[in-house]
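Have the sequence and the structure open as we talk.

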Amino acid sequence: MKLCVVGTGYVGLVVGACFAETGNDVLCADVDSGKIASLKENRLPIYEPGLEPLVVRNQREGRLRFTTEVAAAIEASDVVFIAVGTPPDEDGSADLQHVVTVARTIGQHMNSPKVVATKSTVPVGTAELVRAEIAKYTKTTFHVCSNPEFLKEGAAVDDFMKPDRVIVGVDHPESRRVFEELYGPFVRTGNPLIFMDIPSAEMTKYAANAMLATRITFMNQVAQLCEAVGADVQLVRKGIGSDHRIGSAFLFPGPGYGGSCFPKDVKALVRTADGKDVSLDVLKAVEAGNERQKRVLYEKVRRHFDGKLSGRTIGVWGLAFKAETDDVRESPALVLIEALLADGAAVRAHDPAAIETARHVLGDRVTYVPKAYDAVAGADALVIVTEWREYRNPDFARIKQGLKRPLIVDGRNLYEPARLAELGFTYDCIGRPLACASS
Ligand SMILES: NC(=O)c1ccc[n+]([C@@H]2O[C@H](COP(=O)([O-])OP(=O)(O)OC[C@H]3O[C@@H](n4cnc5c(N)ncnc54)[C@H](O)[C@@H]3O)[C@@H](O)[C@H]2O)c1
């Protein structure tokens, strides 16, 4: 099939590469000429495990092409995916300006019948908006559908290749036929390809993200209570996760959820509901709870220094909002670092993939170090924000040697408190009793 994916970001690039891998002719179009120039030379603008070989192979075979000529890419395709960003507007609702711009371009270049799918996360009613925009410019037949994307950054290729399910909102048999053919190779093992009406498909994406954000926030608040009453959230998590009605996924407490999806999608869903006079109280609490949670690591560090951080140096491990990505959008690390800097502390930060993306946001107010142990050299404490694999079994003797004071504040519960105490550390993590070196 001849496909065009408009918007070559975290989602568009993965979607384009994976569809090319199953034999389709894919044109990935983006207005960012720097990004497209890099991709043409097989230089990926994002860090995503397993993506580079797919891009290289499919570009070499001629099935995957990159272009800034959005209009020409649309004209050359039978199916067009809209995968541009939908950032939060001033009031928190999804800003659809990029989606509408692409719809307009599609309408103006509708040279043959096409199926147009929204891949971006968009509120209920957006497919109709897209349909109306296209129809302003053309009399050619086209079908609009909603195909929300559920991939996770850090495991995006795997998620797309082996999806738990694929959701497609359709209102015409032709769209259904096209999507059965497109996704056939990805659901061979029986995972469902679920067709539904378009508004339900649009809603499903938001409801899924809202549920996951709720689970995380629930556990973060249980963790706070565990700390207050002397319980261990790791044990509580295992205890409740083994109940099959609850399940074990997404119950890890941490420094608050971040990334480009949960924060903005929770906000957008709350705004949609408010607009319909439906009060999503649960999600309002989730949003507020997560904002507070993002300050938890800073508050902990502050307590250890009696509120006096001026002149201190804090080592930070992890800038990305989660492991296996270079994405720092809404990362809890940014909240921590901004607060430390505002208090007059210096920050030495390490991340295996996200230093450059973080530098775009934080500039040179932070010392970025290429090796993890360089972050602790001469620092007063180490704070762990992201659960990268390389932080899981570190050389504790080396950390202790580098630190002026043996203090680790761990936002991801990577270590055993008793062991850290034995090794002479003060170890402050999430939802577990504070571990201190026995003197
Ligand atoms: N990142 C994720 O994990 C994820 C997962 C599922 C769904 N989504 C959703 O997918 C959508 C895209 O997210 P992303 O993270 O890939 O965003 P992104 O910011 O990484 O990429 C968006 C791309 O669209 C391009 N673009 C903007 N306007 C354009 C236009 N008029 N024509 C062509 N290109 C244009 C930008 O240059 C950019 O490269 C969002 O709605 C997001 O909520 C994201």
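This is a predicted model: local features need pLDDT of at least 70, side-chain atom pairs count only at pLDDT 80 or more; totals for chains, interfaces and linings use all residues.

Q: How many disulfides does the structure hold?
A: A disulfide is a covalent bond between the sulfur atoms of two cysteines. The cut-off is a pair of cysteine sulfur atoms within 2.5 Å. The structure holds zero disulfides. Take Cys-4: the nearest cysteine sulfur belongs to Cys-28, 8.1 Å away.

Q: Is Cys-4 buried or exposed?
A: Read the relative accessible area (1.4 Å probe, protein chains only): buried means under 20%, exposed over 50%, and partly exposed in between. Cys-4 has 0% relative accessibility, so this residue counts as buried. Cys-261 is partly exposed, at 30%.

Q: How many salt bridges does a search of the whole structure find?
A: Side chains of opposite charge can pair when their charged atoms come close. A salt bridge needs a side-chain nitrogen of Lys or Arg within 4 Å of a carboxyl oxygen of Asp or Glu. The search finds 35.

Q: Which residue forms a salt bridge with Asp-159?
A: Lys-152 does, with the closest N and O atoms 3.1 Å apart. Asp-159 counts as buried at 18% relative accessibility. Lys-152 is partly exposed at 38%.

Q: Where do Arg-176 and Glu-180 lie?
A: Helices are DSSP runs (H or I, at least four residues), as are strands (E, at least two), numbered from the N terminus. Both residues lie in helix α8 (residues 173-183). They are four residues apart, about one turn of the helix. Arg-176 is partly exposed at 39%, and Glu-180 is partly exposed at 38%.

Q: Which parts of the chain does the salt bridge of Glu-416 and Arg-432 link?
A: The closest N and O atoms of this pair are 3.6 Å apart. Glu-416 is in the loop between β13 (407-410) and α17 (417-422), while Arg-432 is in the segment after β14 (426-428). The two are 16 residues apart. Arg-432 counts as buried, at 5% relative accessibility.

Q: Which residues are linked with Arg-104 in a network of salt bridges?
A: Glu-133 and Lys-136 are linked with Arg-104 in that network.

Terms used
Residues are numbered from 1 along each chain as its sequence is written. Side-chain values use heavy atoms; hydrogens and water are left out.
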